[in-house]
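Colleague: I would like to learn how to read a ligand site and a nonpolar core. Please show me the model.

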Amino acid sequence: MEKVLVATDKPFAAIAVKGIREVVEKAGMELVLLEKYTEKAQLLEAVNGVDAVIIRSDIIDDAVLEAAKGLKIVVRAGAGYDNVDLDAATAHGVVVMNTPGQNSNAVAELVFGLLVYGARGFFNGASGSELKDKKLGILAYGNVGRNVARIAKGFGMDSYAYDAFTPVEAIERDGVKAVQSTEELFKTCPIVSLHIPATAETKRSIGFDLMNSMPKGATVVNTARKEVIDEAGLIRMFEERPDFVYLSDIKPDIDAELAARFAGRYFATPKKMGAQTAEANINAGIAAARQIVGFLKNGNEQFKVN
Ligand code: 3PG
């Protein structure tokens with residue numbers, strides 16, 4: 001019997017696991033669970049002998065792939081797959097997929113949770129500001145960016161977006177103004193929400209000069225990846241711009257320093273919360289299980305990323 005492992009350091013909601021189990025067992029496969037593991041050794045042991053693995057931000061590197069004798073497919077239940085060593089997976093003959101779009105509304109809703117929290121001074125009792133009529137910059141216009149634009153309309157915000165790969169018409173059709181570059185987006189918008197993946201090109205791409213070009217009341221909200229921020233530039237931005245606020249769903253490496261030095265202007269969620277809703281867990285988890293069944297039974301490679 002083929003085995004499907006769910007290896008999640010940050011577990012799915014129980015209802016999502018139930019749904020995954022139903023899909024897997026209906027296909028005549030066995031579900032194995034490794035949740036809330038604390039040591040890599042536990043993952044190395046669990047992957048041995050399974051045919052498929054469903055993960056979230058869990059690290060799949062060469063050592064894991066080496067230990068995973070018989071592994072055929074890894075599905076990242078979510079959008080970003082920078083936690084998977086694609087070259088190593090390919091070298092081991094393992095297919096890697098993601099489940100694009102399945103958790104994007106959850107992430108987009110959190111953007112506004114963070115923005116309201118920031119605009120109201122972290123609920124400190126003093127008068128804050130409103131989001132209505134403010135210019136919101138959306139970097140980039142993928143599944144999450146589009147959901148951010150949709151929700152921003154309800155807040156009465158004036159949305160701008162830059163995306164190197166999405167045609168201008170597709171952005172403007174949504175009532176969002178398309179700008180020509182990341183630089184133009186930051187120069188135009190006092191609020192910028194990051195939705196770029198962590199790649200060789202984007203890592204540390206958001207630095208001091210870019211952030212310092214933002215109009216007064218500069219706020220950056222990061223629900224993407226910590227790696228896209230240049231952390232030295234982030235500190236300098238806090239130091240030189242007393243109006244600057246940084247709201248993040250991913251703790252930077254310098255979290256303790258920022259919390260100590262810039263309290264009231266810096267907030268990071270204690271645990272990455274963007275995709276942590278029952279709905280997103282169900283959508284992404286069940287999509288992952290279905291993709292595994294489709295691949296193992298019929299060789300369906302839709303959403304393969306390596
Ligand atoms: C994603 O890339 O899908 C999101 O960052 C969610 O990540 P998570 O599954 O670790 O919460």
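**Ligand site and core**

Modeller: A polar side-chain atom of Arg-56 lies 2.9 Å from an oxygen atom of the ligand, which is a polar contact (a pair of N or O atoms within 3.5 Å). This is a predicted model, where local features need pLDDT of at least 70, side-chain atom pairs count only at pLDDT 80 or more, and totals for chains, interfaces and linings use all residues. Residues are numbered from 1 along each chain as its sequence is written, and side-chain values use heavy atoms, with hydrogens and water left out.

Colleague: Which backbone atom lies 2.7 Å from an oxygen atom of the ligand?

Modeller: A backbone N or O atom of Ala-79. In Asn-103, a side-chain N or O atom is 2.9 Å from a ligand oxygen. The protein covers 95% of the 320 Å² of accessible area that the ligand has on its own (Shrake-Rupley method, 1.4 Å probe).

Colleague: How should I read a nonpolar core?

Modeller: In soluble globular proteins, nonpolar side chains tend to be buried together. A nonpolar core is a set of buried (under 20% relative accessible area, 1.4 Å probe, protein chains only) Ala, Val, Leu, Ile, Met, Phe, Trp, Tyr and Cys residues joined through side-chain atoms within 4.5 Å. Here the largest one has 32 residues, and Phe-186, Leu-194, Ile-206, Leu-234 and Phe-244 have the most contacts inside it.

Colleague: What does Leu-194 touch?

Modeller: Leaving aside residues up to four places away in sequence, Leu-194 is in contact with residues including Leu-139, Phe-186, Ile-206 and Val-220 (heavy atoms within 4.5 Å).

Definitions and conventions: Polar contact = N/O pair within 3.5 Å; in protein donor to acceptor, adjacent residues only side chain to side chain. Buried < 20%, exposed > 50% of the residue type's maximum accessible area, 1.4 Å probe, protein only.
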